[in-house]
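Hello,

Here is the structure I promised to pass on to you. Have a look at it first, and then read on for what turned up.

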Amino acid sequence: MFELRLLSSLAKVFPKSAPPERPEKSWLGALEGETVSFQIAYKHSNNSWRKWAKLEVDVSDKVDVQIRRVRYMPGYISTGFGTDDGYLSSEDGLFPDLLEPVDTNRIPLIPGTWQSLWVDITIPPNAKQGCYGITVKMSTPDGETLGVRETAINTIPAQLPPLSIPRTMWFHTDCLAEYYGVEAFSEEHWRVVENFASYAVKHGINTLLTPLHTPPLDTEVGGERLTTQLVEVTAEGDKYEFDFTKLKRWVDMCQRIGVEYYEMAHLFTQWGARHAPKIMGTKNGQYTRLFGWETKATGEEYSNYLNQMLPALTEKLHEWGIAKKTFFHISDEPNREQLEDYMAARKVVEPLLKGFRIMDALSDYDFYKQGAVAVPIPSVDHIEPFLKGNVAELWCYYCCAQSYKVPNHFFMQPSYRNRITGVLMYKYNIKGFLHWGYNFYKSVHSVYPIDPYVVTDADGAFPSGDAFIVYPGKSGQPLASLRLMVAQEAFGDFRALTLLESLAGRNTVLELIDEGLVKPITFKEFPQNEEYLLQLRLRINQRIGELRSK
C-alpha cells in the first residue's frame, strides 16, 4: 500500500504519525518574484526490502520548481525552558528540519515510515495572472503509478516589494572557518563566507554582522573565539594605524550579493559592557592581542584606541557610501544591574558616532526611558512596555529564552509560530528584526565546535533550532532548514502587507489582519493553527489583485 498526501509549508511530518489529509491547505497564491512552498508526504507500507520511487511535479513551465527532501534531525529542549500547550512535543526526538537535495528519479521508500518532500515554486517577474494546476505523481522506476495528487497556484500580477526594514541573523564567520577547516579570511574562507552570505540574502536576510574585530558574542569569560578580524591594527606606543583593506573587500562582497545594511561587531563584551573585545594587532613587530578580558571597557587604554579607530572607520563608511546603512552596538543583552557600566561605555563612543544608529538587544524598558539606547531591541516576550511607550524606532528579537507563548522557530514548535512573526511585525509597526543564530556551530559560550548534524542545541544549552537556521553542506555550500523557508514566508507576508497598505491604506490592512478573530492578535495571543495564516495570505493576495486590476 502506498499513501500520498499534499500539505502546506506549515505542516511538520513525523515518521510514525500520519499527517491529516487536507488538500485545500496546499493551494498556493503568489506575487511576482515570490517563492511559495508546499510539501509532499508519502508512506510505503510494503515491508519488503528498501525501494525507490520516481517523482514528477507538473506545473507551468513559466515557473521555477525546486524539490528537496526533508530530513529528520535530533531535537532537544531542556526542562529549564518553559513550554506551553502549543508545542508539538516537549520530549526529545526526531524532528523534520534539514532540506537536502534529492534525485527525483530515486526517491527513497522506507517501509512503514512517513517521509516528506519540500517543493518551492518561484514566480518570475511579469507573470500573467492566472491559476495554474500542479500535478504530483509518484511511480515505480519501471513506470507503475503509485499515487497522484493535484493542487494549484494562483498568481497575482503585482511585484512583491523589497523588505522595507532591516532583518539580521548573526553571521558567524569563525564557525565557517572551523567547520570547513580553513584559515580565517584565506581565499577559501572568503569563498565559503560569500556562499553563506549570498544564501542569507536569497532568503530575505538583508543585514550582515560585520566583524571589525572578533565579535564578543556568546563567549566564556576569559575565553576567546577564533580570530576573525577585518580591521588590521598596528600599535606604536599609544598611537594606532589601521588597514581597512579586508573591510573594504567585505563591503564590496556585500554590495555584490545584495546586502543592504551593515551591523558592526559590538564594541564591548556581552552582558554588561565591562571589558574590551578581543582585538589583535602588530606591536613591537609581533602579532599579539592588544585588548581583551583583561582590558577595562572604559579605561584610558581602550578609550584611547576607540578615539582613534572610530573616526578612521566612520570616515571610510562615508567614503564608501554606506554610513546611513550602518548600525553600531555597545553590548548585547545588558540587564538592570549593568546599566551604569553600559551607560559609561556608551558615553565613550557616542561622541564618536554622531549620525549613526546605536542599538542593542535589551528587554528592560527602564534602559530606554533613561536614555541608554535610542533604538531598543526588546525580546518579543518583553515588548509590551515598549509598544505602550510608542517607541519611534522599535526593533524586536527572539532567542532561546522566548519559549513560552510567543513566536519562535524551535524544532518542536509548529511552523505557524515561526511564520506569525511577519504579520505581528507589520501590525505593530516594528522597524527591524534580529536573531542571533544564522550559523552558530559551537557549544554554549563557544567553548568548542560541534557537529550541527548531530548536536542541534549548542550541546544541551538551548532548544534545538535556536543556534542555527542553515546547515553547512559539501564544498562550502549552505543547506536550508524548513525553518529558514518558513521565516522567508513570514517576511514575504510582511512585504505583501506593505504592498497592500500602499494600495488601500494602513487601516484597511489592520482590519484585514484581525478580521473574524475573537481577540486581536498580539505577540502572546494569536491563532494556534495554520489556517489563519494561509487564509490571511490568500485574502491579502486577492485584495492586491483586485486593487491592481482597477
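Predicted model: local features only at pLDDT ≥ 70, side-chain atom pairs only at ≥ 80, totals over all residues.

The largest cavity has a lining of 16 residues, and those nearest its centre are Leu28, Gly29, Arg419, Leu534 and Arg537. Strand 2 (28-32), strand 3 (35-44), helix 9 (482-504) and helix 11 (531-549) are the elements that give two or more residues to this lining.

Residues are numbered from 1 along each chain as its sequence is written, and side-chain values use heavy atoms, with hydrogens and water left out.

A cavity is a set of points, on a 1 Å grid over the protein atoms alone, where a 1.4 Å probe fits but cannot get out, and lining residues have an atom within 4 Å of a point. Grid points are joined across faces, edges and corners, and a volume is the space filled by probe spheres set on the points. Helices (H or I, at least four residues) and strands (E, at least two) are DSSP runs numbered from the N terminus. For the classes, Ala, Val, Leu, Ile, Met, Phe, Trp, Tyr, Cys and Pro are nonpolar, Asp, Glu, Lys and Arg are charged, and the others, Gly among them, are polar.

In total there are four cavities of 30 Å³ or more. Strand 11 (167-169), helix 8 (416-427) and helix 9 each supply at least two of its lining residues, with helix 9 giving the most, three. This lining has six nonpolar, three polar and one charged residues.

Arg167 also turns up beside His203, a residue in contact (heavy atoms within 4.5 Å) with Arg167, Leu484, Met485 and Gln488, leaving aside neighbours within four places in sequence. His203 sits in the loop between helix 2 (187-202) and strand 12 (207-210). His203 counts as buried because its relative accessibility is 4%; buried means under 20% relative accessible area, with a 1.4 Å probe and protein chains only. A polar atom of the His203 side chain lies 2.8 Å from the backbone oxygen of Tyr199.

Ile123 is another buried loop residue, at 1% relative accessibility, placed between strand 8 (115-122) and strand 9 (130-139). Beyond four places in sequence, Ile123 touches Ala30, Leu31, Glu32, Gly33, Glu34, Val63, Ile153 and Thr155. Its C-alpha atom is 9.3 Å from that of Val65, 58 residues away along the chain.

Strand 9 runs antiparallel to strand 4 (residues 51-58), joined by five bridges, and two strands pair if DSSP finds at least two bridges between them. One of these bridges links Asp58 to Thr135. Strand 4 is also joined to strand 7 (residues 107-109), again antiparallel, by three bridges, with Lys51 partnered by Leu109.

Finally, helix 10 (residues 506-514) has Val509, Leu512, Ile513 and Asp514 buried. The buried residues of helix 10 pack against helix 8, helix 9 and helix 11. Just after helix 10, Gly516 takes a positive phi of about 80 degrees.

Best wishes

How values were computed:
1 Å grid on protein atoms, 1.4 Å probe; cavity = no way out; pocket = protein on both sides within 12 Å on 5 of 7 lines; lining within 4 Å. Buried < 20%, exposed > 50% of the residue type's maximum accessible area, 1.4 Å probe, protein only. Polar contact = N/O pair within 3.5 Å; in protein donor to acceptor, adjacent residues only side chain to side chain.
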